[in-house]
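Thanks for making time this morning.

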Amino acid sequence: MTDRLVYWAYALGWGLLKHLPEPVARGLFDRLADYAWRKRGKRVLQLEANLRRVRPELDEAALRSLSRAGMRSYLRYWMESFRLPVWSRERVARDVRVDGFEHLRGTLEAGRGAVIALPHMGNWDLAGTWVAQQGYPFTTVAERLKPERLFDRFVAFREGQGMEVLALTGGGVNVIGTLARRLREGRLVCLVGDRDLSEAGIEVSFFGEATRMPAGPAALCQRTGAALLPVTLWYDGPVLRARIHPEVVAPEEGDRKERTRAMTQAMADVWERGIREYPQDWHMLQKFWLADLPARETVKAEASAVRAEAAPEPAAEATGASGA
């Protein structure tokens, strides 16, 4: 699909879906999800490969059923995000339930910055809208999309929900410096951090296999003294549920890189438990584990990580705080 067609497909979603009755929109996106699931394209097959790591005890029929639920959850995210600009504050308050909010409130009210780090679960845009409506606007990072107009639409949408959005690349802004400044000011930063976009992330064990996750959340907290608060999200019927977990504390021993690695693994362990409980709501349709990557990409990632280890200021800190 060309960039022009991609843009107009998204523009159509933003322009028309918010005017449809909700049952119609939900039914339409369930049918789209089922159609994609039956076609068994590359993304559906990759979703099943990822879910097989999460729930290895499932037989093929059960795995297929789980992947269908996963596609419906993924398309629900898009349906809700297209319609979110017209949701009232009352609607957001009604359809989002958050456990552990005291961890975030207590940190910020004490004047200390906080990093909320979450995986690609549920609807992170809706959760972010809820947080902003509680009186806690935040800064986040977005992967630059093509075409440029599409990226601009995403930024405008998220800024309309009370978020400050920094482009991961090409924005003319020192992303890490800006995030660190916000945290030192006692403010909130939210980062989607289960997939490394920099090829220089931290290697962690996730469901018993090696993958890489961005160093940014843990590294930022060490640089600024902010609290690292992992979050998990899932759907519970019509409601989006979220859990803000207790702070991941840096170990007392080791240098900064070793502490960053330990904090990133601890964060991954929290997400692993949440994803195992609600695997259908983990929207990971890309290759994720190192074993699935071509050898060339794995070698490139390892080389980048070695360079990052040798740098005075870790390269992962400059590129690993990636958003969705």
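Predicted model: local features only at pLDDT ≥ 70, side-chain atom pairs only at ≥ 80, totals over all residues.

The crossing of H10 and H11 is right-handed, where right-handed is the term if the near helix is turned clockwise from the far one by less than a right angle, and left-handed if anticlockwise. Residues are numbered from 1 along each chain as its sequence is written, and side-chain values use heavy atoms, with hydrogens and water left out.

Helices here are DSSP runs of H or I with at least four residues, numbered from the N terminus. H10 covers residues 216-224 and H11 covers residues 256-277, and the two pack at an angle of about 130° with their axes 8 Å apart; these axes are lines fitted to C-alpha atoms over the stretch in contact, and angles run from 0 to 180 degrees between N-to-C directions. That angle makes H10 oblique to H11, since angles under 35 degrees count as roughly parallel, over 145 as roughly antiparallel, 65 to 115 as roughly perpendicular and the rest as oblique.

Which residues in H10 and H11 meet? On the H10 side they are Pro217, Ala218, Ala219, Cys221, Gln222 and Arg223, and on the H11 side Arg256, Arg259, Thr260, Met263, Thr264 and Met267, with contact meaning heavy atoms within 4.5 Å. The residues of this contact divide into 6 nonpolar, 3 polar and 3 charged, where Ala, Val, Leu, Ile, Met, Phe, Trp, Tyr, Cys and Pro count as nonpolar, Asp, Glu, Lys and Arg as charged, and the others, Gly among them, as polar.

Is Thr260 buried or exposed? Thr260 is buried, with a relative accessible area of 6%, buried being under 20%, exposed over 50% and partly exposed in between, with a 1.4 Å probe and protein chains only. Leaving aside neighbours within four places in sequence, Thr260 is in contact with Ile202, Ala215, Ala218, Ala219 and Gln222.

Turning to helix H9, residues 175-184, we find that it is mostly covered, with 7 of its 10 residues buried, among them Val175, Ile176 and Leu179. H9 is followed by Gly186, whose phi is positive, near 80°.
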